[in-house]
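Biologist: I would like a close look at a single part of this model. Please keep to one connected account.

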4 protein chains.
Amino acid sequence: MVSNVTSKSKSTNLTNRARMLVSCPDRPGIVAAVSRFLYEHGANIVQSDQYTMDPEGGLFFIRIEFDLDNLDARREQLKADFAVVASEFNMKWSITRASRKKRLAIFVSKEDHCLLELLWHWQSGDLDADIAMVISNHDDMRGLVEPLGIPYHHIPVTPDTKAEAEKRQLELVSGQVDVVILARYMQIISPKFIEHFPNKIINIHHSFLPAFVGGKPYAQAYNRGVKIIGATAHYVTEELDGGPIIEQDVQRVSHRDNVEDLKRIGRHIERTVLARAVNWHVEDRVIVHQNKTVVFS
Amino acid sequence: MVSNVTSKSKSTNLTNRARMLVSCPDRPGIVAAVSRFLYEHGANIVQSDQYTMDPEGGLFFIRIEFDLDNLDARREQLKADFAVVASEFNMKWSITRASRKKRLAIFVSKEDHCLLELLWHWQSGDLDADIAMVISNHDDMRGLVEPLGIPYHHIPVTPDTKAEAEKRQLELVSGQVDVVILARYMQIISPKFIEHFPNKIINIHHSFLPAFVGGKPYAQAYNRGVKIIGATAHYVTEELDGGPIIEQDVQRVSHRDNVEDLKRIGRHIERTVLARAVNWHVEDRVIVHQNKTVVFS
Amino acid sequence: MVSNVTSKSKSTNLTNRARMLVSCPDRPGIVAAVSRFLYEHGANIVQSDQYTMDPEGGLFFIRIEFDLDNLDARREQLKADFAVVASEFNMKWSITRASRKKRLAIFVSKEDHCLLELLWHWQSGDLDADIAMVISNHDDMRGLVEPLGIPYHHIPVTPDTKAEAEKRQLELVSGQVDVVILARYMQIISPKFIEHFPNKIINIHHSFLPAFVGGKPYAQAYNRGVKIIGATAHYVTEELDGGPIIEQDVQRVSHRDNVEDLKRIGRHIERTVLARAVNWHVEDRVIVHQNKTVVFS
Amino acid sequence: MVSNVTSKSKSTNLTNRARMLVSCPDRPGIVAAVSRFLYEHGANIVQSDQYTMDPEGGLFFIRIEFDLDNLDARREQLKADFAVVASEFNMKWSITRASRKKRLAIFVSKEDHCLLELLWHWQSGDLDADIAMVISNHDDMRGLVEPLGIPYHHIPVTPDTKAEAEKRQLELVSGQVDVVILARYMQIISPKFIEHFPNKIINIHHSFLPAFVGGKPYAQAYNRGVKIIGATAHYVTEELDGGPIIEQDVQRVSHRDNVEDLKRIGRHIERTVLARAVNWHVEDRVIVHQNKTVVFS
């Protein structure tokens, strides 16, 4: 249906573009070693960000985008060579190719705003990823998804079938996707599922100043007369809504906004924040350390 | 010292300007009755805001600024006349004169940023109020306050002298001030003190998404890697930090901001939010209903 | 295709909801007269906003939403009755029914972001209007539009055919639509066309601090190193991009954003600002006075 | 008077902290060379930011904060050694000590808001600079400045005495200050004066979307009904208000804000934007390239 909407690639030619992420205990010589390594291998640094978590534990983080001729053929050797440097500095590291787009599974329930936003960014070429599939516990979104050529899997979930449903989900995503996006998926993910995607499941949820516990948070926010509502995108860990925060944003509201208005505004923030978080993740801009993120946005 | 900084009046001539605040159960005819009353008394409406809290209890709120010739001489009669209208509609109401500036007592401890901001707005003529006194449990700010001609009262507070200190504070403010501003005053106000100033004590405190319980909230926020920090100005009620919210605002932060940076940014938000809240209060723009505010800003 | 995406109505029952817009020279008694009129006709005021442009010409503006039983049958009489009040105060005025959704024609060229945003708000029920048709000088968006059941008219425009094309456009929209949205329509609208839709054509364009004249504004903004880019939605008048501003917004950028990034961010602001402006227009929240707007948002 | 307001140092001990700024044509090996140099000299990199202006001219920019034992004694040798590296890569560069605070001259006329904000940041320890003097063409601010121990020079300026006045200003600042801040100084600075402080004079001025030429910009903005007003801090060049932009910010306004409100809001944005720009400048976070800035904030 939208075959005439040409997917614009964000960068015309990224065949030789690589991204290196490193975190390690801070000590003199890290940047010298890494930059010398890249220089001697003929790489050209395109962008580089680093951060020293100095007083709080001495961790050092660096993200480098570089171009290297003939990257595809040389990358295994490159990795083998870098392992020597990495070992000397006790580094956690990764080198990924920009041309190898990450594959997403989007989980969704009945609310469509986050899914639509991701589809929109994807169609416009602003989301540098492949959407491998959409999985939902309802069938409502099929008509939005299939015409775009994206497989849609309807896997109903009831208390009785929850384990079975998750097994089916795992079969679908295992080896097929790099990231799972919970785009207002209203089921709790089990620790077992999370284990398969450590810091690779991104969730979005509403956020308030102050926070409200219990049900109907928008009604509570209305009754308390909050002036600001927000949303938080985070990696999913076993602690419900307690994983590393990737992105947050807020919008002003007033007494004139009733509960329905707050929900509508909330939806707008959620879709914006989730899209930003997913974008940064697929461009390897996020490093997780303990329960927080370093985002080289 | 700053006697050469002429205090610019926000409005050149407000002698005949009045502000009417009304809240009452909603029903047809309220606006007709109020506007007819003002028209027949020869008042000229300058600004009017209203709000119907329709589905949630049927409350109606209105704020009207009007000019009335010879206001000072006629206001007692005006109030007596309006009481008849008010009675018919079960109104809570007030009519105040814009020229009768509210008198503030500012309570402060060791952090000066909120006090300085209020002094700055006051000196520049943007805060339409009189600062009757500054009260502190420390002597540190005396040098900032007294040169401006504002009385400074140092009332130390220890667990043993707390009751005595509050008694002394009450003596100072009783009948002398209309509003108490807690400009980073780090002592808890007793219910007895609050009783004397219902919805007339304004406090400022930091706010986070999510909220953090326990001590050292900035350290907790840093460890959780929040991307947004904020501040909330609210009326003080017996429930600690749980009173009606007047204003909130936030600012983006990142992993690069350490705990000290977060505190510094927090101070900037606090002073801005508090100044806005105080401004709205002294201009009679805030109506409290149950535990929330209607702000006609 | 998206028939399963139920269009949620913004308000459950607006059959009896009306909106009154009034502007007139300010003088005492206006509010009293209007509110008495509504009261005596049995109307219940739901929301009311007013504004006195006091020192600058003495104009008075009021917007009232009210409910009136049996509105549809009584509205002609209501208007006839109000004409008497209006005449006394020299009012420009309108009374519209909320249930009578405004009909939009969306004009678009090759960029889809603004069109997609409007379609998204419309599908989600957040845009309280009917999209009567999409008109484009290209055929690219047909696949986006027709599956939603919206007619798509491809009217090519060349210098030679411009007059003929506009004639065809006018035939399509005349009597069929209330508002024309230029959603990145890259052709200049003739004064004759504008005459048919005074203050009823809404355009969106980029905006910079400072402004840049001449071509390639994003390249100029990049070379100047601006830190903020924005967008402006305005009514179209004969003066190119000089009509009354409805809404503006901005986003921070930095030296890291290249020309393509600026354009991408600009697209995001444009779609957000245009959607807001259209929303306010279709809910009768905008009054134009001379070359500026009063927006009761 | 405010001697009891202890100036909190932003960082407890910066004796050995240095900041290196480099810009040069991009080519492989720069980071490797710089980081190797620092490593071999025993420096510990605390913060590092870099930026490649890749497609637009191939410039490369880097800012490194590092600690070096015994910095004061070794810095001349360090510079001599680095000159060799710099020469190889055609670098423009500087190495400054964090402990050597920059000295400011603040120029002011009759509006005090920008001066007050800078004084406030300075007193609170958030502005890492020394205020060497305040120069004004009026005597109004003397009472604000002298009690803080800062010299105040009143140099009246008339068309006849302008040249003479500027000569006197130059005598005062030459060799005494590193940066000149025009904190709402309402006189045009001559090219000759600017020559003495290339990219070292910071000015603040209002900014609008769209821009307004001619006098009374706030009145024009009001008449056009702008929804956003802003301010721009920039380095002063011979082209009036056309120099490299350091920082910009904006605030929403509405039809309710009259010309005086717009001016008041404008003052608030101006003081905030100027303070940020000055802060970044004194911390060596700004590199100027052609007519734009790279700000490593």
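How much area do chain A and chain B bury between them, and what share of it is on carbon and sulfur atoms?

Modeller: The model is a predicted one. In it, chain A and chain B bury about 3200 Å² between them, and 50% of that area is on carbon and sulfur atoms. On the side of chain A, the residues that lose the most area to chain B are A:Leu209, A:Arg224 and A:His255, which together make up 23% of what that side buries. Counted by contact, 38 residues of chain A touch 38 residues of chain B.

The polar part of the interface comes next. Between chain A and chain B there are 25 residue pairs in polar contact, both residues being at pLDDT 80 or more. The elements of chain A that give two or more residues to this side are strand 2 (44-53), strand 9 (201-208), helix 7 (217-224), strand 11 (245-252), helix 8 (259-282) and strand 13 (292-295). Strand 11 of chain A gives the most, with seven residues. By type, the residues on the side of chain A that touches chain B divide into 16 nonpolar, eleven polar and eleven charged.

Three salt bridges are counted between chain A and chain B. One of them joins the side chains of A:Glu247 and B:Arg252, at 2.7 Å from N to O. B:Arg252 also meets the side chain of A:Asp249 in a salt bridge, here at 4.0 Å from N to O. A:Asp249 lies in strand 11 of chain A and B:Arg252 in strand 11 (residues 245-252) of chain B, so this pair joins two chains. B:Arg252 is partly exposed, with a relative accessible area of 40%.

Chain D shows a salt bridge inside one chain, between the side chains of D:Glu247 and D:Arg276, at 2.4 Å from N to O. D:Glu247 is in strand 11 (residues 245-252) of chain D and D:Arg276 is in helix 8 (residues 259-282) of chain D, so the pair ties together parts that are 29 residues apart in sequence. D:Glu247 is buried, with a relative accessible area of 1%, whereas D:Arg276 is partly exposed at 26%.

As for how copies are arranged, chain C can be laid on chain B with an RMSD of 0.0 Å by a turn of 180° and a shift of 0.0 Å along the axis. These two copies are therefore related as by a two-fold rotation axis. Of the interface residues of chain C, 100% are also interface residues in chain B, so the copies meet through the same surface.

Key. Residues are numbered from 1 along each chain as its sequence is written. Chains are lettered from A and ligands numbered from 1 in the order in which they are written. This is a predicted model: local features need pLDDT of at least 70, side-chain atom pairs count only at pLDDT 80 or more; totals for chains, interfaces and linings use all residues. Side-chain values use heavy atoms; hydrogens and water are left out. Contact means heavy atoms within 4.5 Å. Buried area is the accessible area (1.4 Å probe) that two parts lose on being put together, summed over both. A polar contact is a pair of N or O atoms within 3.5 Å; within protein, one must be able to donate a hydrogen and the other to accept it, and residues adjacent in sequence count only if both atoms are side-chain atoms. Helices (H or I, at least four residues) and strands (E, at least two) are DSSP runs, numbered from the N terminus. Ala, Val, Leu, Ile, Met, Phe, Trp, Tyr, Cys and Pro count as nonpolar, Asp, Glu, Lys and Arg as charged, and the others, Gly among them, as polar. Copies are superposed by least squares on the C-alpha atoms of residues with pLDDT of at least 70 in both. Buried means under 20% relative accessible area, exposed over 50%, partly exposed in between (1.4 Å probe, protein chains only).
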